[in-house]
Amino acid sequence: MLPPLDTGFDEAEVLCAARDRFWSGGYAATSVDDLVAATGLGKGSLYGAFGDKHQLYLRVFDEYCSRVVRIAHRALDGADAGAYQRLCTYVTDVVESAARDTARRGCLLTSWVAAAQREGQLDAAADPRQLATLLHAVQRGAGALAKAGWDPAALRGLAVTALASLPRSPAV
């Protein structure tokens with residue numbers, strides 16, 4: 001196996017900077033020039049390492065979701081003894097983190113829902129936060145069901161059903 005290429009930058013730092021830029025401005029309002037400024041990379045390096053803006057956003061979103069799961073796992077994993085205290089600490093920490101977010105950047109999933117509304121694919125009258133909460137609950141629930149041994153086809157069906165329940169734009 002070949003060693004990883006030396007890209008000359010810390011990928012995690014670049015993804016974090018891009019995440020914060022997308023988070024603050026939203027996907028549609030974030031230009032490639034904004035991402036270049038936020039990450040410190042040139043356009044060629046950005047494209048070479050991550051592809052286009054959409055591909056970078058998907059990488060950012062994937063890393064964000066993975067990080068959230070890692071944090072929850074670290075906070076909640078352990079023996080039965082102390083489980084309630086770990087649960088209380090984790091929930092309190094999540095709430096405190098949300099309270100400290102004075103920029104009120106919101107949820108990346110909400111940004112995706114809002115983008116689909118602006119594009120006319122989802123009903124603009126629907127609350128994007130509520131729709132994102134529904135999708136987030138489905139994602140987390142699917143993860144729990146997968147660990148409980150659910151059939152992959154049933155999990156895929158859950159995703160299809162959840163997406164089909166989203167209110168489509170009347171024009172679609």
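**Cavities and pockets in a predicted helical chain**

The count comes to 1 cavity of 30 Å³ or more. A cavity is a set of points, on a 1 Å grid over the protein atoms alone, where a 1.4 Å probe fits but cannot get out. A pocket is an open set with protein on both sides within 12 Å along at least five of seven lines. Lining residues have an atom within 4 Å of a point. Grid points are joined across faces, edges and corners, and a volume is the space filled by probe spheres set on the points.

This is a predicted model: local features need pLDDT of at least 70, side-chain atom pairs count only at pLDDT 80 or more, and totals for chains, interfaces and linings use all residues. Residues are numbered from 1 along each chain as its sequence is written, and side-chain values use heavy atoms, with hydrogens and water left out.

**Chain**
- The protein chain has 8 helices and 0 strands; these are DSSP runs numbered from the N terminus (helices: H or I, at least four residues; strands: E, at least two).
- Its C-alpha atoms fill a box of roughly 50 × 50 × 40 Å along the principal axes.
- Of its 172 residues, 28% count as buried (under 20% relative accessible area, 1.4 Å probe, protein chains only).

**Largest cavity**
- Its volume is about 30 Å³.
- Val32, Leu35, Leu46, Tyr47, Gly51, Asp52, Lys53 and Leu56 line it.
- Helix 2 (32-39), helix 3 (43-50) and helix 4 (53-76) each supply at least two residues of this lining.
- The lining divides into 5 nonpolar, 1 polar and 2 charged residues. Nonpolar covers Ala, Val, Leu, Ile, Met, Phe, Trp, Tyr, Cys and Pro; charged covers Asp, Glu, Lys and Arg; the others, Gly among them, are polar.

**Largest pocket**
- About 1,400 Å³ of space lies in the largest pocket.
- It is lined by 33 residues; Tyr64, Val68, Val94, His136 and Arg140 lie nearest its centre.
- Two or more lining residues come from each of helix 1 (11-25), helix 4, helix 5 (83-100), helix 6 (108-118) and helix 7 (128-147).
- Helix 4 gives the most, with 10 residues.
- By class, the lining has 16 nonpolar, 8 polar and 9 charged residues.

**Second largest pocket**
- This pocket holds about 350 Å³ of space.
- Its lining has 14 residues, with Leu109, Val113, Leu135, Leu163 and Leu166 nearest the centre.
- Helix 6, helix 7 and helix 8 (152-164) give two or more residues to the lining.
- Helix 6 supplies the largest share, 4 residues.
- The lining divides into 11 nonpolar, 2 polar and 1 charged residues.

How values were computed. Buried < 20%, exposed > 50% of the residue type's maximum accessible area, 1.4 Å probe, protein only.
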